[in-house]
Amino acid sequence: MKKGKAITEWVVISGKGGTGKTSVVASFAALARRAVLADCDVDAADLHLVLDPKVIRREKFSGGKRARIDPARCTACGRCQELCRFEAVHLDAPADGGAERRFRIDPIACEGCGVCAWFCPERAIHFGPAVNGEWFVSETRHGPMVHARLGIAEENSGKLVSTVRAAAVELARQRGLDLVIIDGSPGVGCPVIASITGASLVLIVTEPTLSGRCDMQRVADLARHFGIPAMVCVNKWDLNPRVADEIESLARQRGLGLAGRVRYDGAVTEAQIHRQSVVEHGASACADEVRDVWARVRAAIEAAGVPEPS
Amino acid sequence: MAAGRDKGKEETMIIAIASGKGGTGKTTVAANLARVRGAVTLLDCDVEEPNVHLFLKGTPDGEPQEVSILVPEVDEARCDGCGECVRFCEYKALAVLDKRVLVFKDMCHGCGGCARVCPQNAISEKPNRIGILTSARVGDITLVQGRLDVGVAMAPPLIRAVKALIPAQGDAILDAPPGTSCPMVATLREADFVVLVTEPTPFGLHDLRLAVAVVRELDIPCGVVINRAGSGDDSVTAYCRDEKIPLLAEIPDDRRVAEAYSRGELMVDALPEYRAVFEALYSEVKGEEKV
């Protein structure tokens, strides 16, 4: 047991989707020693497809509550529909507008606020915990992993991300490991915020496209908003070398660390089809570049825990 | 087809372009479909990372509008610190400390419950900005975009504001955010048809399955577009066949397509040979709905 040893959390995010986050994380998993992996892209988790985890612990996740109308007690007064701000209460009325009108709560639209249940004059609305998904602790060929599955059309992905992260840190502590590598989700919203708050470092994997450039800046703003140091890696850089240069110069202007470039290479898809990371899938220039990115991020962390501003 | 618009006979249709996995080509499909069809409204519902405007550059139509949700404001003169609002709030957006109520507006979902339960009537609601809404004219296309402020967690209220601008007439194309949770669901609700864009890889297939499950839960007809066809394996094609999901179009794996995209050029402008793919896709979608 290495008690009290600081655990470093690296988060790989991108802003734009499909820039190669999960492929990079899978390679990091293969290169890391003594790390726990956390797949925090809970609504489209893919890391398990490469790491082939063996689940050793499985937990239900309840991130919120949900309302349900008891038809036996409901008098169809319509108060719930009037108060709901999420358009979740529907009226199933017969076409002739007769007495059989019935209200129903759409579980997909329900935000779980409880207003309808609290103010129902007939106490006809049940308001209780909803199961929104599951999370797992697994063993993989590259070490322990925590991952999750959000239920179909469920919400509370941010809370599930926080649950996965907390479980990964706890696992690292139990096993005396000092690094948690987090695969994040695209965007800048709730799950991304939950995956980066309090982390040690954000690695932004972007691509040399106008979309990649635009989204990289928004996600860099988000990291700054939460005071987290960030580094940038340009994946598929040779698709547009000019935009790759622009992204790196924008990153420098913002004081972000540069983690390097990785070329556009069919080896990445080929490796994925063989359920491998690119660094495991034979020798390729692209694999060497991913190793360099890994080394730069490591060095930046070891240098001060913070990448050096230029 | 202006001739078909006689007597308002042409059915209007809300077509959502979604994917599960990010970066499969939703924006590409949405923008190119709009371009080949013309006279449509394209609504960028990927409010966390809106990108359609990089491909369809037009002139702004009016000033950007701020979009807000209502968050509580506590009148300290009236509040006696009883904590009823804190007990009510499911989102931990309120806390009471030394008989004073603190509001964490970033946690608030804007349900309005706290203001209603307060026994002292000490809580009112005030708008809190979450993002902006812009409109532009790009030739005969109307482009509506929502852009979430950085640091704001909740996209769905802004997505609902974008969708409020779906016109009563003419087709609307919605560019959905990636994933399968609230923002994607908020975009897809009330759509008439969902085009799921994927790529022929294990990640593409896995996330397509999740997206199909959501679309089925919402009970909306859907079809699949395979982007970068030929770059991976044929498991997506087999899946569509087994699940009886129509394969609407395939966009080949062509480095020129990726390069045009990187420059912010529309595929049908940069590589006119692809026009037919999107024309056929649009007809396919319009036909599929009636089945």
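A: B:Ala39 is placed in the loop between helix 1 (26-37) and strand 2 (41-44) of chain B. Helices (H or I, at least four residues) and strands (E, at least two) are DSSP runs, numbered from the N terminus. The model is predicted: local features need pLDDT of at least 70, side-chain atom pairs count only at pLDDT 80 or more, and totals for chains, interfaces and linings use all residues. Residues are numbered from 1 along each chain as its sequence is written, while chains are lettered from A and ligands numbered from 1 in the order in which they are written.

Q: What makes B:Ala39 count as partly exposed?
A: A residue is buried if 20 or more other C-beta atoms lie within 10 Å of its own, exposed if 12 or fewer, and partly exposed in between, with C-beta atoms placed from the backbone. B:Ala39 has 14 C-beta neighbours inside 10 Å and therefore counts as partly exposed. Its phi is positive, about 50°, although B:Ala39 is not a glycine.

Q: Why is A:Arg34 called exposed?
A: A:Arg34 has 11 other C-beta atoms within 10 Å, so the residue is exposed. A:Arg34 is found in the loop between helix 1 (21-31) and strand 2 (35-39) of chain A. Its phi is near 60°, a positive value in a residue other than glycine.

Q: Why is helix 7 of chain A called roughly parallel to helix 8 of chain A?
A: Two packed helices are described by the angle between their axes and the distance between the axes. Axes are lines fitted to C-alpha atoms, for helices over the stretch in contact, and angles run from 0 to 180 degrees between N-to-C directions. The axes of helix 7 of chain A and helix 8 (residues 241-253) of chain A come within 10 Å and cross at roughly 10°. That angle makes the two helices roughly parallel, since angles under 35 degrees count as roughly parallel, over 145 as roughly antiparallel, 65 to 115 as roughly perpendicular and the rest as oblique.

Q: Which residues make the contact between helix 7 of chain A and helix 8 of chain A?
A: Helix 7 of chain A contributes A:Leu210, A:Arg213, A:Met216 and A:Gln217, and helix 8 of chain A contributes A:Val243, A:Glu246, A:Ile247 and A:Leu250. Two residues are in contact if their C-beta atoms, placed from the backbone, lie within 7 Å. By class, this contact has five nonpolar, one polar and two charged residues. Ala, Val, Leu, Ile, Met, Phe, Trp, Tyr, Cys and Pro count as nonpolar, Asp, Glu, Lys and Arg as charged, and the others, Gly among them, as polar.

Q: How many residues does each chain give to the contact between the chains?
A: Chain A gives 52 residues and chain B gives 51 residues. Helix 7 of chain A gives the most to the side of chain A that touches chain B, with eight residues. The residues of that side divide into 21 nonpolar, 19 polar and twelve charged.

Q: What makes a set of residues a nonpolar core?
A: A nonpolar core is a set of buried Ala, Val, Leu, Ile, Met, Phe, Trp, Tyr and Cys residues joined through C-beta atoms within 7 Å. The largest has 170 residues, and those with the most contacts inside it are A:Val164, A:Leu203, A:Val232 and B:Leu174. The residues touched by A:Val164 include A:Ala38, A:Cys40, A:Val42 and A:Trp135, not counting residues up to four places away in sequence.

Q: How is chain A divided into domains?
A: The domain assignment of chain A gives domain 1 (8-62 + 138-304) and domain 2 (64-130); such bounds come from an automatic or database domain assignment. The C-alpha centres of these two domains of chain A lie 41 Å apart. Four residues of domain 1 of chain A are in contact with four residues of domain 2 of chain A.

Q: Where do the domains of chain B lie in its sequence?
A: Chain B is divided into domain 1 (9-58 + 139-288) and domain 2 (69-129). Their C-alpha centres lie 39 Å apart. Four residues of domain 1 of chain B are in contact with five residues of domain 2 of chain B.

Q: How many residues of each chain count as buried?
A: Of the 310 residues of chain A, 55% count as buried; of the 291 residues of chain B, 49% do.
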